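Please consult the sequence and the coordinates displayed below while reading.

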Amino acid sequence: MATMQALAALDTSAEGIGLSAPPARAPALLRALKAELRGVVGRALDAAEGAPAAARERAMAELERLGVRPAGEERRWGSLLDVRIEQPAAHPELRVALVTLAVPCGEDSSLYVFERGRAGFRLALAHECDPSEWTSEGNRLSYGFLTDAGGTKLRPGRCASSSRRARSP
């Protein structure tokens, strides 16, 4: 995916860029990437007739054909970490997808709810973090401020060390 390649190539050499504030092009690229990934999940749900495990397999296969593989040790802006697709027990007409991307010092997870209709699955709800709202006052990633394992807010431009896992409350 060209969008993912553009994210990986972002210059984060300026102090604080990429940690407490996104590079200038990152918000637009992340929004475009999320739209592309929503489309992949929707097509996979239709092709798999809504079977969650089969839909995930199809989504991952399409992403691999596009040159996208889950990130390994080296995480870059927008690297794919995971795609989960589930069916809520009480709602057989719905499928829930959680797409997680890498961002410096954390993860950016987007939640999508698809509803089965006559013409297949359609996006009924999307909950995404807007990267343009990240500020230098804190690493606002995914759904909250990053904290270390003890619950302490991290200072701008700082990551948790590899021995201390960051989490979003």
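## The open sheet

In this predicted model, four strands form an open sheet in the order 1-2-3-4, with antiparallel pairing. Strands are DSSP runs of E with at least two residues, helices are runs of H or I with at least four, and both are numbered from the N terminus; two strands pair if DSSP finds at least two bridges between them. Strand 1 and strand 4 are the edge strands, each pairing on one side only. Neighbouring strands of the sheet are turned against each other by 25° on average, direction ignored, where axes are lines fitted to C-alpha atoms (for helices over the stretch in contact) and angles between N-to-C directions run from 0 to 180 degrees.

Helix 3 packs on this sheet, touching strand 1 and strand 2, and its direction makes about 150° with that of strand 1. Touching, or contact, requires heavy atoms within 4.5 Å.

## Strand pairings

The antiparallel strands 1 and 2 are joined by 6 bridges, and Arg 84 stands opposite Leu 98 in strand 2. Between strand 2 and strand 3, also antiparallel, there are 10 bridges; here Ala 102 faces Glu 107 in strand 3. Strand 2 is mostly covered, with 8 of its 10 residues buried. Buried denotes under 20% relative accessible area, exposed over 50%, and partly exposed the range in between (1.4 Å probe, protein chains only).

## Nonpolar core

The largest nonpolar core comprises 30 residues, and Met 1, Val 41, Leu 63 and Leu 80 have the most contacts inside it. At least two residues of this core come from each of helix 1 (2-8), helix 2 (26-47), helix 3 (52-65), strand 1 (80-86), strand 2 (94-103) and strand 3 (106-117). Helix 2 supplies the largest share, 9 residues. Such a core is a set of buried Ala, Val, Leu, Ile, Met, Phe, Trp, Tyr and Cys residues joined through side-chain atoms within 4.5 Å.

Leu 63 touches Met 1, Leu 37, Val 40, Val 68, Leu 80 and Val 83, when residues up to four places away in sequence are not counted.

## Helix 2

The 22 residues of helix 2 should span 32 Å at 1.5 Å a residue, and the end C-alpha atoms are 31 Å apart, which agrees. The expected span is 1.5 Å times one less than the number of residues. Buried residues of helix 2 include Leu 33, Lys 34, Leu 37, Val 40 and Val 41. Their cover includes helix 1, helix 3, strand 1, strand 2, strand 3 and strand 4 (120-127). Just after helix 2, Glu 49 takes a positive phi of about 55°.

## Whole chain and conventions

The protein chain contains 3 helices and 6 strands, arranged along the sequence as α-α-α-β-β-β-β-β-β. Of its 169 residues, 40% count as buried.

Residues are numbered from 1 along each chain as its sequence is written, and side-chain values use heavy atoms, leaving out hydrogens and water. Local features need pLDDT of at least 70 and side-chain atom pairs count only at pLDDT 80 or more, whereas totals for chains, interfaces and linings use all residues.
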